[in-house]
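Visitor: I have a model open and would like to go through it. Can we begin with the ligand?

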Amino acid sequence: MRKAIYPGTFDPITLGHLDVIKRGGNLFDELVVAVTTNPNKKTLFSLEERIELIEKSVSGMKNIRVKGFNSLLVDFMKGENSTIVLRGLREVSDFSSEFQHAIVNRKLDGDIETVFVMTSEDYFYLNSSLVKEISSFGGNVSEFVPEPVKEKLKEKFK
Ligand code: ADP
């Protein structure tokens, strides 16, 4: 059985993330979306809110699970019995930091392999910060995020 872990901040999940999740769900028997509690990153949504928004967005996709973690990724992976990290690539600017993460994770645990999927051309420009900025000014984010996220953003910026 092939199980992969898709780690990220997901503050909040966008249609770009969801595109990566769908691709991962097709590639692997099981995909765990691992939501990080990195204390160095200030998030708009709490860990619980981010998890709930992902769960609502992936409902009906039966090989996807969502979990929070606050340890090193390699330690979380061991607990999950998985050696495959899934990450999404948008444009060249993603490459250098993704390359760095992949190498460091491999140095920490030689069994870890990072697999990249390229996002759909519809979402390559998209990130969570852009969505939050648009939403904070009352803009319409329907094109960028799943419905439950749209509602939650409206509530946050009311
Ligand atoms: P992190 O803080 O770990 O980068 P993010 O939530 O920003 O967490 O991103 C998690 C992963 O999702 C990363 O691999 C990132 O490149 C990918 N990703 C984010 N937005 C998109 C998008 N629009 N299309 C494809 N991949 C994306």
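Visitor: Which residues come nearest to the ligand?

Guide: Tyr6, Thr9, Lys41, Gly88 and Tyr123 come nearest, out of the 17 residues around the ligand. A residue is near a molecule if one of its heavy atoms lies within 4 Å of it. This is a predicted model, in which local features need pLDDT of at least 70 and side-chain atom pairs count only at pLDDT 80 or more, while totals for chains, interfaces and linings use all residues. Residues are numbered from 1 along each chain as its sequence is written, and side-chain values use heavy atoms, with hydrogens and water left out.

Visitor: How many nonpolar, polar and charged residues are in the shell around the ligand?

Guide: The shell has six nonpolar, six polar and five charged residues. Here Ala, Val, Leu, Ile, Met, Phe, Trp, Tyr, Cys and Pro count as nonpolar, Asp, Glu, Lys and Arg as charged, and the others, Gly among them, as polar.

Visitor: Which polar backbone atom is 2.9 Å from a nitrogen atom of the ligand?

Guide: One of Tyr123. A polar contact is a pair of N or O atoms within 3.5 Å; within protein, one must be able to donate a hydrogen and the other to accept it, and residues adjacent in sequence count only if both atoms are side-chain atoms.

Visitor: And what about the side chain of Arg87?

Guide: An N or O atom in the Arg87 side chain is 3.1 Å from a ligand oxygen. A backbone N or O atom of Phe10 lies 3.0 Å from an oxygen atom of the ligand.

Visitor: How much of the ligand's accessible area does the protein cover?

Guide: On its own the ligand has 540 Å² of accessible area, and the protein covers 88% of that. Areas come from the Shrake-Rupley method with a 1.4 Å probe; for residues, only the protein chains shown count as cover.

Visitor: Which elements give two or more residues to the shell?

Guide: Strand S1 (3–8), helix H1 (15–27), strand S4 (84–89) and helix H4 (92–108). Helices (H or I, at least four residues) and strands (E, at least two) are DSSP runs, numbered from the N terminus.

Visitor: Back to Phe10. Where is it found?

Guide: Phe10 is in the loop between S1 and H1. Its phi is near 50 degrees, a positive value in a residue other than glycine.

Visitor: Is Phe10 buried or exposed?

Guide: Phe10 counts as buried because its relative accessible area is 3%. Buried means under 20% relative accessible area, exposed over 50%, and partly exposed in between (1.4 Å probe, protein chains only).

Visitor: What does the side chain of Asp11 reach?

Guide: The Asp11 side chain reaches the backbone nitrogen of Leu44 at 2.8 Å. Asp11 lies in the loop between S1 and H1, and its relative accessible area of 4% makes it buried. Pro12 is found in that loop as well, and the peptide bond from Asp11 to Pro12 is cis, with omega near -5 degrees.

Visitor: Change of topic. What about phi of Asn81?

Guide: Asn81 is not a glycine, yet its phi is positive, about 60 degrees. Asn81 is found in the loop between H3 and S4 and counts as exposed, at 72% relative accessibility.

Visitor: Why does Val74 count as buried?

Guide: Because its relative accessibility is 3%. Val74 is in helix H3 (residues 73–80), and its C-alpha is 22 Å from that of Ile13, 61 residues apart in sequence.
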